[in-house]
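Hi,

Here is the structure I promised to pass on. Have a look at it first, and then read my notes below.

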Amino acid sequence: MSGGGCSSCSCNGTERYGSIDPKLKFVIVAGGVISGIGKGLTSSSIGVLLKACGWRVSAIKIDPYINVDAGTMSPFEHGETFVLDDGSETDLDLGNYERFLSVNLTRRHNITTGKVYSEVIQRERRGDYLGRTVQVVPHLTDLIQDQIMAAAMERVDDSGLPPEVVIIELGGTVGDIESAPFVEALRQLRYRHGQENVCIAFVSLVPCLGVVGEQKTKPTQAGCSTIASLGLPPQLIFCRSDRPLLPETRAKIALFAQVPVEAVVSLHDVSNTFRIPLMMQEQGVTNALISALRLSWRLPVLLERWGRMAAAFDSYQGECRIAIVGKYTGLADTYLSVIKALEHAGMALHRKVHIHWIAAESLENFVDASGDSRLLPNGSPTQRHMAYQNAWRELSAADGILVPGGFGCRGIEGMLAAIRYAREHRVPYLGICLGMQLAAVELARSRLADGAKANSTEFDEHADPAIVVFMPEVDKTRMGGTMRLGARKTIFQPDGTNSIASLLYGRKPFIMERHRHRYEVNPKYVDRLEKECGLRFVARDETGQRMEIAELNRAEHPFFLGSQFHPELKSRPGAPSPPFVGFVAAAAGLPLDELAIEEMMLRVQSQDPWQPHSEESRGLDSSFCL
C-alpha cells in the first residue's frame with residue numbers, strides 16, 4: 001500500500017490493501033457508558049497476553065477530538081502529553097501501550113479527527129479527488145482505514161519484523177457523534193479484511209447500587225446493543241466493577257449480548273494494574289482471543305515472569321516517601337509517566353514508594369497589601385497559611401524530592417524553595433526538564449556573587465543573570481509541535497564518566513532519551529555554574545552547547561541530579577529508568593557507591609519480563625533482596 005493511498009473511490013479489500021499480510025489480526029477495543037473506564041489498560045493487557053504467547057503485537061489509539069495532537073491540550077483536561085521517539089505528542093494511552101508491551105510507537109499510532117480532516121482537506125485542495133464531492137463516506141472512512149493500515153505495518157520492536165496482531169483502541173464512548181466516522185471505518189475494515197481476522201472487545205461499567213451492592217447490567221446491555229447496531233457486534237465483553245462479577249450477572253449479560261458466558265470477563269479492582277493480564281488469563285481470555293482470531297493455539301509462557309513482577313509490586317522490604325512538587329498536582333494523570341517510573345523503580349528495588357503531592361505555590365511565602373495575611377482577625381491561621389504549613393510539613397518528612405516538568409510562572413518560587421531545601425538538607429533530589437533548569441537557577445541565586453536575581457527568561461524576560469533562556473531555533477509564534485521534541489543523543493563528557501548518571505546508565509558513551517522543552521540552561525553561564533556553584537554538567541548534546549544532565553558532587557550531596565530530557569517516558573516495568581532507580585535507591589537509603597550501583601543495575605535489568613533468559617545469561621536471581 002502506498003503511503004496514505006488515494007481515497008477517491010470506495011475499493012474492495014484486495015485492491016485497497018493488497019500489500020497487507022492477509023493473516024494480520026486486529027483486536028478492536030471500544031467502550032460504553034462512560035469515558036475513562038479503563039480501555040487503555042484493557043487494550044494493553046490484551047496485548048500482554050498475546051505477546052506472552054509469542055506474537056508480535058502493536059497498538060493504535062484513535063482519539064475523536066478535533067485537535068491534531070495532544071501537544072496543546074491542558075494537562076488538567078487531558079492528563080499528560082506522552083512524547084514518542086519521533087517527537088510526536090500523543091495521548092497518554094500510548095504510554096500504557098509502550099510500558100506494557102515494551103514497544104516504541106510512532107506518530108502514526110495516534111489517529112485523531114484533526115489529523116484525518118486536515119489530510120482530507122489538503123487532498124481536496126490539491127485536486128486529488130478529481131472534482132468529486134468529498135464526503136464522510138467513502139473519503140473520510142477510507143482515509144481512516146489507510147492510516148490504520150499504515151500504522152499496522154510499522155515495526156515497533158527489536159525484531160525488525162511487522163506486527164502480527166494490532167490492538168486498536170477507540171477513544172471516547174460508542175454512540176458519541178465525534179466517533180461515528182471511526183466506528184463506520186472500523187466496520188468497513190472488519191468487512192474488507194475478513195471477520196475471522198478481527199475481534200471486537202467491548203469495555204463497559206457494571207455499577208453496584210444500593211446497600212446490598214446489586215450489580216446492574218442495564219448500562220452494559222445498552223452499550224452492547226448500540227455497538228452491535230453499528231456493525232461491530234462484541235465478541236468479548238470486559239466489565240469494570242469494584243468487585244468480581246457474580247455468576248448470575250455474567251449470565252444475564254451474556255444472554256442479552258448474545259455471547260457465551262465465558263466471553264463476559266470481570267475486570268474488578270486489583271492491588272496493582274500489572275495483575276490485570278493475570279486476571280484475564282484466569283478467566284480464559286487468551287483462549288478466547290485465539291479462537292476469535294483463528295490463531296494457532298499457544299500457551300502464554302512468558303506470562304509467568306510477568307506474574308512474578310506483579311507479585312513483586314505487592315511484596316517489598318522497605319518503604320520511602322517521595323514528594324512531587326509540581327504545578328498540576330490536582331490531577332495525577334498529568335504526571336502519569338512519572339508515577340509509573342517511580343513504581344517501576346520501587347518494584348525493581350523491592351521498595352514501596354509512597355507519593356505525596358505538594359502544590360508548588362503552597363510552599364511560597366505570601367503577604368497581602370496590609371503586610372501579613374497569615375492570621376484572621378480572631379488570631380486563627382488563614383486557609384492559605386494552613387496549606388503553607390502543611391506543605392512544608394510534607395516536604396520536610398520526604399525521603400526524596402522530585403520536581404517534574406511544566407510551563408508557566410505559577411509556583412516557580414515554591415519549586416525553588418523545595419530545591420534549596422533538598423540541597424541544604426541533603427535530601428535526594430531529581431529534577432526533570434524544568435526541575436533541572438530551576439536547580440541551576442537556585443544554585444546561581446545562592447552562590448553567584450551577582451546571582452541574587454537569577455531567573456529564567458520564561459518567567460522574567462529581563463532576568464539578570466538569565467540562567468535559562470529560550471532556545472534560538474524554536475518558533476515563538478506557533479505552539480503545536482514546535483518544541484525540541486523526541487529522542488535526542490545525550491553524550492557523557494570525559495570528566496563525567498564516574499558521575500552517578502553515567503554509572504546508572506552502565507557507563508555508556510551516549511544515551512537516547514526523549515525531550516519536550518523550549519528553554520535551556522544558558523551556555524554563557526555554564527562555566528560559572530560549574531566553577532562557582534559546583535553544578536557539574538556531566539552530559540551534553542552533540543554540539544556540546546546544550547546541557548542535558550546536571551549533578552552535584554557526591555561529596556557535597558548523596559544524590560542531586562537533573563535531566564533536561566524526560567527519563568520517565570522510556571521507563572518500563574521490569575526495565576525502569578536508570579535516573580529513577582538511582583533516585584528511589586537514594587531515598588530508600590541504599591548504598592550508591594560505584595560497585596553498589598553496578599550490581600544494583602545488573603539485578604534490575606534481570607527482571608525484564610520480555611527477556612526470559614536474562615537471569616540465566618547473567619547467572620542472577622531476579623528475586624534478589626537488597
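What follows covers the cavities, some salt bridges and a surface patch.

A word on the ground rules: this is a predicted model, where local features need pLDDT of at least 70, side-chain atom pairs count only at pLDDT 80 or more, and totals for chains, interfaces and linings use all residues. Residues are numbered from 1 along each chain as its sequence is written, and side-chain values use heavy atoms, with hydrogens and water left out.

Cavities first. On a 1 Å grid over the protein atoms alone, a cavity is a set of points where a 1.4 Å probe fits but cannot get out, and lining residues have an atom within 4 Å of a point. The whole structure has 2 cavities of 30 Å³ or more. The largest holds about 60 Å³, and its lining includes G406, F407, E458 and Y519. Helix 16 (434–447) and strand 19 (510–517) each give two or more residues to that lining; helices (H or I, at least four residues) and strands (E, at least two) are DSSP runs, numbered from the N terminus.

The second largest cavity has a volume of about 40 Å³. L41, N96, R99, F100, T273, F274, K340 and H344 line it, and helix 4 brings the largest share, 3 residues.

Now the salt bridges (a side-chain nitrogen of Lys or Arg within 4 Å of a carboxyl oxygen of Asp or Glu). The search turned up 35 of them in the whole structure. In one, R275 pairs with D314, with the closest N and O atoms 3.0 Å apart. That pair links distant parts of the chain, 39 residues apart: R275 sits in the loop between strand 11 (264–268) and helix 10 (276–282), and D314 in helix 12.

R445 and E413 also form a salt bridge, again with 3.0 Å between the closest N and O atoms. R445 is in helix 16 and E413 in helix 15 (residues 412–424), so the bridge ties together parts 32 residues apart in sequence.

Finally, the surface: Y117, I121, V136 and V137 make up a nonpolar patch with about 340 Å² of accessible area together. Patch members have over 30% relative accessible area and no salt bridge, and nonpolar side chains (Val, Leu, Ile, Met, Phe, Trp, Tyr) are joined within 5 Å; the areas come from the Shrake-Rupley method with a 1.4 Å probe. Helix 5 (113–126) and helix 6 (136–152) each supply at least two of the patch residues.

Cheers

Methods. Patches are made of residues with over 30% relative accessible area and no salt bridge: like charges are joined within 9 Å, nonpolar side chains (Val, Leu, Ile, Met, Phe, Trp, Tyr) within 5 Å. On a 1 Å grid over the protein atoms alone, a cavity is a set of points where a 1.4 Å probe fits but cannot get out, and a pocket is an open set with protein on both sides within 12 Å along at least five of seven lines; lining residues have an atom within 4 Å of a point. Grid points are joined across faces, edges and corners, and a volume is the space filled by probe spheres set on the points.
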